[in-house]
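Please consider the model shown below. The paragraphs that follow lead through its pockets, its aromatic rings and its backbone.

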Amino acid sequence: MITLYGKANSRTSRNLWALEELGIPYKHVPSDYLKGDTKTPEYLRINPAAKLPALTDGDVVMTESLGMNLYIAHTYGAGKLWPDDKAARAKCIQWTLWAATELEALAVGRLIELQYKKEHERDPKVIAALAERTKAPINTLNTALQRSAYLAGPSFTIADLNVATVAEYLARTNFDFSAWPAVNKWLPECLNRPANQKVIAMKVAA
Ligand SMILES: N[C@@H](CCC(=O)N[C@@H](CS)C(=O)NCC(=O)O)C(=O)O
């Protein structure tokens, strides 16, 4: 059984979302870096980088939230989050790496500016530059979603979950998606899924 380490109010939420989509049993240890939980010798054996999230599953020990979701989908989500079709599986890998390398730094940068910094600490030039640079990846995403209802084909897969969980940082900070109608339709559809709503409730309760 998977043990997932990390509080819901962190990147762990994306792994909780994947596990809830699949409805498989798992143990959640809501470790919190702000409380020093990632600096204990036990946790450092799991993740020497002292970051959340991490998972163990028998002799599997894994970090990197988006990669962990590929593992969860591949191992437990056949025909659901992990498609049967080879071309669709390729898209799951492609879009996961795309989320990690093309979108996450921009989205996290915006989140830091607009959610974590106090108003007087914010730099409008940084915010405008990030928004400008975010247009290219959102264009790419929109083009893909004009061709196909979901990123790896006609149904929701780990590709959508992994990209949506990063794009959510943009939605949370009121990024204006109106110029990209396919993204504007797809993103709330993904985020409103019952499994993600359950995770949002966990965040509120934490
Ligand atoms: N690329 C890593 C990033 C992990 C990460 O930065 N996690 C944050 C929480 S969302 C953390 O543990 N921060 C504590 C710290 O940096 O000390 C992943 O996706 O898992």
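A pocket is defined on a 1 Å grid over the protein atoms alone: a cavity is a set of points where a 1.4 Å probe fits but cannot get out, whereas a pocket is an open set with protein on both sides within 12 Å along at least five of seven lines, and lining residues have an atom within 4 Å of a point. Grid points are joined across faces, edges and corners, and a volume is the space filled by probe spheres set on the points. The model is predicted, so local features need pLDDT of at least 70 and side-chain atom pairs count only at pLDDT 80 or more, while totals for chains, interfaces and linings use all residues. Residues are numbered from 1 along each chain as its sequence is written, and side-chain values use heavy atoms, with hydrogens and water left out.

The largest pocket holds about 990 Å³ of space. Its lining comprises 40 residues, of which Ser10, Arg11, Arg14, Leu52 and Tyr169 are the closest to its centre. Two or more lining residues come from each of helix 1 (12-22), helix 3 (65-76), helix 4 (86-116), helix 6 (158-172) and helix 8 (194-205). Here helices (H or I, at least four residues) and strands (E, at least two) are DSSP runs, numbered from the N terminus. Helix 4 provides the largest share of the lining, 8 residues.

By class, the lining of the largest pocket has 19 nonpolar, 12 polar and 9 charged residues. In this count Ala, Val, Leu, Ile, Met, Phe, Trp, Tyr, Cys and Pro are nonpolar, Asp, Glu, Lys and Arg are charged, and the others, Gly among them, are polar. The second largest pocket has a volume of about 160 Å³. Lys7, Ala8, Asn9, His28, Pro30, Asp32, Lys35, Met202 and Ala206 line this second pocket, and they divide into 4 nonpolar, 2 polar and 3 charged residues.

Two of these lining residues lead to further details. The charged end of lysine 7 sits over the ring of tyrosine 33, 4.7 Å from its centre; a charge sits over a ring if NZ of Lys or CZ of Arg is within 6 Å of the ring centre and within 35 degrees of the ring normal. Alanine 8 is placed in the loop between strand 1 (2-5) and helix 1. Its relative accessibility is 6%, so alanine 8 counts as buried (buried means under 20% relative accessible area, exposed over 50%, partly exposed in between, with a 1.4 Å probe and protein chains only). The C-alpha atoms of alanine 8 and histidine 28 are separated by 9.3 Å, although the two are 20 residues apart along the chain.

Helix 1 is mostly covered, with 11 of its 11 residues buried. Among them are Arg14, Trp17 and Glu20. Glycine 23 follows helix 1 and has a positive phi, near 65 degrees.

The aromatic rings come next. The structure holds 6 aromatic pairs; rings of Phe, Tyr and Trp (its six-membered ring) pair if their centres lie within 6.5 Å, and planes under 30 degrees apart count as stacked, over 60 as edge-to-face and the rest as tilted. Tyrosine 150 and phenylalanine 156 form an edge-to-face pair, 6.2 Å centre to centre with 90 degrees between the planes. Both tyrosine 150 and phenylalanine 156 are buried. The ring centres of phenylalanine 175 and tryptophan 180 are 5.9 Å apart and their planes are at 20 degrees, so this pair is stacked. Phenylalanine 175 and tryptophan 180 are likewise buried. Trp17, Tyr150 and Phe156 form one aromatic cluster, and arginine 193 lies over the face of phenylalanine 156, at 3.8 Å from the ring centre.

Finally, the backbone deserves attention. A cis peptide bond, with omega about -5 degrees, joins leucine 52 and proline 53. Proline 53 is found in the loop between helix 2 (41-46) and strand 3 (54-57), and alanine 50 is placed in the loop between helix 2 and strand 3. Alanine 50 has a positive phi of about 60 degrees although it is not a glycine.
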